[in-house]
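My entries record what I looked up, in the order in which I looked.

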Amino acid sequence: AVVSTQSTGEPVVAGLDPKTDEPFIASTDLIGCPMVTNDFVVSGTCLEQLYGMCETLYKPDMAPDELFECISQALLNAQDRDAYSGWGGVVYIIEPNKITKRTLKARMD
């Protein structure tokens, strides 16, 4: 799972291995130090809140709909706890045969 709030210049890479369909997720900090993991990466203005929510909600081998719900709840709840974040987000679920894009709406203050 990749969860990111407002752009901070920290790149996030997500996709599927073309031969095995295994997920690949990684991020880098501003000087290019990579973080490659097999569960989730977070990026954005409310990192601490996102880490807490992802550590609580994420579990391995979730179905696409379950993963969407996990990402959505993590993103929206983290944004609610950070004054600088908001306005919702966009969630992409990448599967071997399709990419699903859904837009989340949140507070706009």
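The entries below go from the sheet as a whole to its pairings and then to its turns.

Entry one. I am working on a predicted model, and I began with the strand order, which I found to be E2-E3-E4 in an open sheet of three strands with antiparallel pairing. I then noted that E2 (12-16) and E4 (34-37) stand at the edges, where each has a single partner strand, so one side of each is left without a neighbour in the sheet.

Entry two. I turned to the pairings and found five bridges joining E2 to E3 in the antiparallel sense, with Leu 16 having Pro 23 of E3 as its bridge partner. On the other pairing, I counted four bridges between E3 (residues 23-28) and E4, again antiparallel, and I saw that Ile 25 stands opposite Thr 37 in E4.

Which residue in the turn between E2 and E3 has a positive phi? I found that this hairpin has six residues between its strands and that Asp 21 in the turn has a positive phi of about 65°.

Key: Residues are numbered from 1 along each chain as its sequence is written. This is a predicted model: local features need pLDDT of at least 70, side-chain atom pairs count only at pLDDT 80 or more; totals for chains, interfaces and linings use all residues. Side-chain values use heavy atoms; hydrogens and water are left out. Two strands pair if DSSP finds at least two bridges between them. Helices (H or I, at least four residues) and strands (E, at least two) are DSSP runs, numbered from the N terminus.
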